[in-house]
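Subject: Handing over the structure

Dear colleague,

I am passing on the structure to you with this email, and my notes on it follow below. Please keep it open beside the text as you read.

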Amino acid sequence: MQIITANYVDAFKKEIYPSEISFDKKIMVIKKLGDSIDKSLPYILPGFIDAHVHIESSMLIPSEFARVAVTHGTVATISDPHEIANVCGMEGVKYMIENGKKTPFKFYFGAPSCVPATVFETAGATIDSDGVKGLLLMDEIKYLAEMMNFPGVLNGDEEVLKKIAHAYSLNKPVDGHAPGLRGEEAKKYIDAGISTDHECFTKEEALDKLKYGMKILIREGSAAKNFEALIDLLDDYEDEIMLCSDDKHPDSLVLGHINQLCSRAVAKGIDIFKIVKAACINPVFHYKLDVGLLRVNEPADFVLLKDLKSFEVLKTYIDGKLVAQNGQTCIASIRERIINNFAARKIKIEDLRFEKADFFRNENGEVPVIEALDGQLITNKIFLLPKTENEYLVSDVSKDMLKMVVINRYLEAPIAKAFIKNFGLKKGAIASSVAHDSHNIVAVGVDDKSISEAVNAIISSGGGISVTGNKMDVLPLPVTGLMSNGDAYEISKKYADLDNMAKELHSELSAPFMTLSFMALLVIPHLKLSDRGLFDGDSFSFIQKK
């Protein structure tokens, strides 16, 4: 038995008081020592839970993600293995579960609902309603992961509704994904059995969904950042709000996790007990998790904090085991096997040529251009006059109108091409095989030579991210082209180095690779590029097929 003396943060009674907590794997005794906070003591509260995250976006396998997350007080995640499923199907989901079991961390995986995410791109696998049912029957699968096909829900698609019905028959919740959906359409989507959404951009949208009984996950990740727009909701909806990252790149994860959002919420004057409910308690009840809430006879999952302002984590315990102390992980690395689905062959410069006659133009001779928005997954659709050289359309650095390409990684096929604005590169190119949701290879660059070099570096590595310009470098991601099986802190440093290299090419985006990875995400409007062509998310159709 272990004993800790600390200021006990009781979010149920909304009290804080010094206590002596006795525990082994479970909390045994909580002995109150007084009525007033003892400022000489640390603060003890339940561990933090990320209510929606794609572990794959950290570029780390689950066991390495856990090593870092516990240093920030995270004890559990609601993890959607959608990314690896789109590459390797059921094998990928089971890989995540098996690796997660090898570490003292509480991973709660969902059954991916949209594999492939859409019919408008090429993925590496398909999981139909029967496959989803098989996953949901597993004890390790706690919910049906985000139902991105909201048009399918609204239009009564049989396969979509079967997946939702399977979850309900097993009393497992269904996560949502409905950016911008409002009014009667939002009500219809929610009435179909969808319980959460992490895609709200505005407070008005979130209030609309809350009105119909949906729970809102406030997202602050490496790309999409909705905390500032939504956090005030916690004042009035403490039982309906959770916190999540969705996608967290390795350099960002090393700096902090859900604890950072708690600190920012406190700085805005939000009640500490409401923050604890959103960060620690609400996910346990909603997803029926075996995570302790610092109550007698529950698992000893908790954190010790220096204070309730900075949320600096002193120690993290999971099932009574010390897993992190003073910023250092106590979890050992695991060298995991590699799985992949990668058939792309090296490309030639001439493969990237963009014939002038091949592209759609409006009445003014302008072509559609993807306008990337820093810190957002959505894009704008704009029209600009293209630059031509020798009958080919080429990047126009003076307008920041750069060539973007998507290369099918699963089979040999023509390369999809378009133009994109706001990456700001003055030379070179960046490329990535992390390209939501099908994870083909995506690249942006100022010229075809640079683009081909960046793409071929990834193909040689069986997946990864790369930069060329001042010099060439690549971070290999051999596990499905999404993750490394190496040390988390080494991967974080390498990723930060490549991120800085991209910014040295004059990209002004706060996270160039994260933004790049979402430029092929068709389920988020307004204009994206898939391996099959330029896709208009408003009309749900191709503007330009390759």
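By class, the lining of the largest cavity has 4 nonpolar, 4 polar and 6 charged residues, where Ala, Val, Leu, Ile, Met, Phe, Trp, Tyr, Cys and Pro count as nonpolar, Asp, Glu, Lys and Arg as charged, and the others, Gly among them, as polar. This is a predicted model, in which local features need pLDDT of at least 70 and side-chain atom pairs count only at pLDDT 80 or more, while totals for chains, interfaces and linings use all residues. Residues are numbered from 1 along each chain as its sequence is written, and side-chain values use heavy atoms, with hydrogens and water left out.

Cavities

A cavity, on a 1 Å grid over the protein atoms alone, is a set of points where a 1.4 Å probe fits but cannot get out, and a pocket is an open set with protein on both sides within 12 Å along at least five of seven lines; lining residues have an atom within 4 Å of a point. Grid points are joined across faces, edges and corners, and a volume is the space filled by probe spheres set on the points.

The structure has 3 cavities of 30 Å³ or more. The largest cavity holds about 80 Å³ of space, and among its 14 lining residues His54, Glu146, Asp437, Phe518 and Leu521 lie nearest its centre. The second largest cavity has a volume of about 40 Å³, and its lining includes Glu121, Asp437, His439 and Asp531.

The largest pocket has a volume of about 390 Å³. It is lined by 23 residues, of which Pro116, Ala117, Thr118, Val119 and Asn149 are the closest to its centre. Helix H4 (150-154) and helix H5 (158-169) each give at least two residues to this lining, and here helices (H or I, at least four residues) and strands (E, at least two) are DSSP runs, numbered from the N terminus. By class, the lining of the largest pocket consists of 13 nonpolar, 6 polar and 4 charged residues.

The second largest pocket has a volume of about 300 Å³, and of the 20 residues that line it, Gly221, Ser222, Lys225, Lys248 and Ser252 lie nearest its centre. Two or more residues of this lining come from each of helix H9 (250-255), helix H10 (258-267) and helix H13 (488-504), with H10 giving the largest share, 4 residues. The lining of the second largest pocket divides into 5 nonpolar, 8 polar and 7 charged residues.

Aromatic rings

There are 20 aromatic pairs in the structure; rings of Phe, Tyr and Trp (its six-membered ring) pair if their centres lie within 6.5 Å, and planes under 30 degrees apart count as stacked, over 60 as edge-to-face and the rest as tilted. One of them joins tyrosine 8 and tyrosine 17 in a tilted arrangement, 5.5 Å centre to centre and with 50 degrees between the planes. Both tyrosine 8 and tyrosine 17 are buried, a term that means under 20% relative accessible area, whereas exposed means over 50% and partly exposed lies in between (1.4 Å probe, protein chains only).

Another pair, phenylalanine 354 with phenylalanine 359, is edge-to-face, at 4.9 Å centre to centre and 70 degrees between the planes. Phenylalanine 354 counts as buried because its relative accessibility is 5%, and phenylalanine 359 counts as buried because its relative accessibility is 6%. Phenylalanine 354 sits in the loop between strand S16 (328-329) and strand S17 (367-372), and its C-alpha atom is separated by 8.7 Å from that of glutamate 391, 37 residues apart along the chain. Elsewhere, ring pairs link Phe65, Phe105, Phe107 and Phe109 into a cluster.

Some rings also have a charge over the face, which requires NZ of Lys or CZ of Arg within 6 Å of the ring centre and within 35 degrees of the ring normal. Lysine 32 lies over tyrosine 17 at 4.6 Å from the ring centre, and arginine 295 lies over phenylalanine 12 at 4.5 Å from the ring centre.

Cysteines

How many disulfides does the structure hold? It holds 0 disulfides, a disulfide being a pair of cysteine sulfur atoms within 2.5 Å. Cysteine 280 is buried, at a relative accessible area of 0%.

With kind regards
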